[in-house]
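Please look over the model shown here before reading on. The report that accompanies it takes up selected features in turn.

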Amino acid sequence: MLSRLVKFLIITRFSRGLVAFILVFLGYSVILGTVYNNFETTSNPFFNYYLVGILVFLTVFMVFLGGVALMKSDLDYLFTLPLNRGELVVSLYLAQFMATGVSFLFAVGYVLPYVSGGLAVKAVMAGDIALLALLVTSLSIISFRLSQKQKAFLASALGIWALLPIFGFNYSYTSIFMGNTVAGTIIIAALDVPFNFYAVRQLFDIEIGFLKTTARRAGSEFRRPESFSGLSPVRAIFAHHLSELSLTGRFGIGGSVSVRISRIRLYYLLIPALFLGGIYLYLALKEGNSGPLNVAMLLASLYIGIFTSILFAQEVLSHERAWLAFVSLPVEVYWRSLAVSKILQTYVMMVPFIGADIVLLALGFHGALNTLLFMGIVVPLSPVVTIYFGSRLSVNQIVDTEIMSGQQNLRQMLSLGPILILAIMSIISIVSLIGAVVVVFIAVASDCYLVFSSTVSENMVFGLTEKGFV
Amino acid sequence: MLDGGNASSSCIVLDSVKKAYGNTPALDGLSIDIPQGEKFALIGPNGAGKSTTLKLLVGLLRPDSGTVSIMGYNPTSIQAKKLIGYLPEDASPYATLSVRENLEYIGALRGVDDAGERIDLLLGELSLSEYERSKVGKLSRGNRQKLAVALALIHRPKVILLDEPLNYLDIPTQERVVSMLEQLNATVLVSTHIMSIAERLTDGAIVISRGRKVWSGSMKELQAQARGTESIESVVVRLMTGAE
């Protein structure tokens, strides 16, 4: 019965295409990790920073945007069946692992080849990665019931702790990537036990948690009302998008289907942006003006590009109401104003990084010009392309709040293409200044076409409506 | 489609309109002509093409062939958008805004001069005043529908296109919405498959089935089609299916 239950939970939460993609990528990663051996890492210290960065990103992401891979139909039908509770919990945990922790297992192929030492050392590192995958899974489950403040506290605490090894403090769960395997392994194991115990306990009474969470989220007013009185149409659109960032919880990678609405004042987001900008500046200054600096800039560009694309762009249309917006104003006027306001919103978030690049440039770090062009122009322009791709390829992810992230088919996953394009663009930008200028030109030209062409905006809205957006 | 204003009394016009979603036809040569000031119901079974018709009229869809116009204007034009008030089925206002913020935002987009007074009036008439600061996500389905009605009417539209407008509303609110629509003195097209709603809101009916018009006329003419004690619903079913 357990295997049938696991299979049922997996196929109702993930498309076949995504499962195949995960299995192929995981197999590739394991083969890579076992075939290749003892690569040199000393020439590039940023490889370690890169691994720490991934872990910080995943833990913070899971705490803030995680959620249990649970559907309302589970509550209505599955949980009413006479199933063994233990088997149900195991199945839910495995489905959750598939939605969250498995992404960290991909690291096997990229970490083990660089581990120097015998088989035992590699086995310990592989074990650590598996434990980290379980930790990420448990965090996503635990975050489901936390309030926004609790999430912010936990995410900040874990994120800062994870970054400490970069500054020389070796007692963190990321220490395994900074040469302190023993301490790191002990800390990971020590974290895994209570977090996973608590997560499993939560899965045992998940219905109560689901109802409590839904009830808590359903009972409030916005603390600071916005006002649009007396504004012109375009100013109203700008006022809406430049004062606050709207977030919904459906993009939680676990795929929780309870839609959480929250609004964050845009200037509050400058605090973490300033923090990250400071770390970027610190690392660049610490490691000097050569290859490593370029790697640092590349990594920062990649992370920031991907993060801003996901956070600022992919949810934009799901917040929109075509029957109001595109009926009140000509389609091209509304789309243009919306797109420009999203560009400005992203630009505000990039200000600390742009500032860091200007400081580096003033100090004689010539590579900073490349990243300045990328982070100051290309990244802020990227949401427009992402919104457009989403509108053409992934409409049911935008429309249907009952659908999970993992249920995207391969065509819908193509809507994430701009992130890959952005990653390639960041590499080109770092490698050569001419490349950076070309990338800027491509980004500006694409945005101008997408924003100012009436045909593009009309086709976008007609396509969205045909696929059920209204 | 027409590009400019039309002085004739025709207000809502579809002429030989065809529309398909991929290989699935939705409208198959539909023609409708509703004069200014008239109130008509668009009646048909599920999948008849009612919602598609309304989406074409508000410019959210483009016909594959045929023409669509609102008072002579192309539905995608700014002139047509100023005239139209639209309420889709199961309408959901902006979930990231409160009740009043929704009304202020759409009031601003539509350039309503006296938005503050108009919002207060609509909130009062629809018994939404106590929820004006509430998140839309927190509202009951009925209150969300009231807000959607208010958003469709905030700019005093001359042409009102409604898709199942009385869904989820309690009986007193239904009465108030009917009264508000009468006061606006607008041309109205209401899509519904519930005859009692059609009779309350409109004076005439257009019956469509499989994307084609099968009958049109006044409500009295529709009622006159009844045989003996036949109900109006049975008459409509007979018209839709073509049964004798």
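The sections below treat a helix pair, a chain contact and a sheet.

## Basis

This is a predicted model, in which local features need pLDDT of at least 70 and side-chain atom pairs count only at pLDDT 80 or more, while totals for chains, interfaces and linings use all residues. Residues are numbered from 1 along each chain as its sequence is written, and chains are lettered from A and ligands numbered from 1 in the order in which they are written.

## Helix pair in chain A

The axes (lines fitted to C-alpha atoms, for helices over the stretch in contact, with angles from 0 to 180 degrees between N-to-C directions) of α18 (residues 368-393) and α22 (residues 433-452) of chain A come within 9 Å and cross at roughly 30°. Helices (H or I, at least four residues) and strands (E, at least two) are DSSP runs, numbered from the N terminus. α18(A) and α22(A) are therefore roughly parallel, that is, at an angle under 35 degrees.

## Contact between chains A and B

Chain B contributes 35 residues to the contact and chain A 33 residues, two residues being in contact if their C-beta atoms, placed from the backbone, lie within 7 Å. On the side of chain B that touches chain A, α3(B) gives the largest share, 6 residues.

## Sheet in chain B

In chain B, 3 strands form an open antiparallel sheet in the order β2-β1-β4, where strands pair if DSSP finds at least two bridges between them. β2 (24-35) and β4 (65-70) of chain B each have a single partner strand, so one side of each lacks a neighbour in the sheet. Between β1 (residues 10-21) of chain B and β2(B) there are 9 bridges.

Methods. Parallel < 35°, antiparallel > 145°, perpendicular 65-115°, else oblique.
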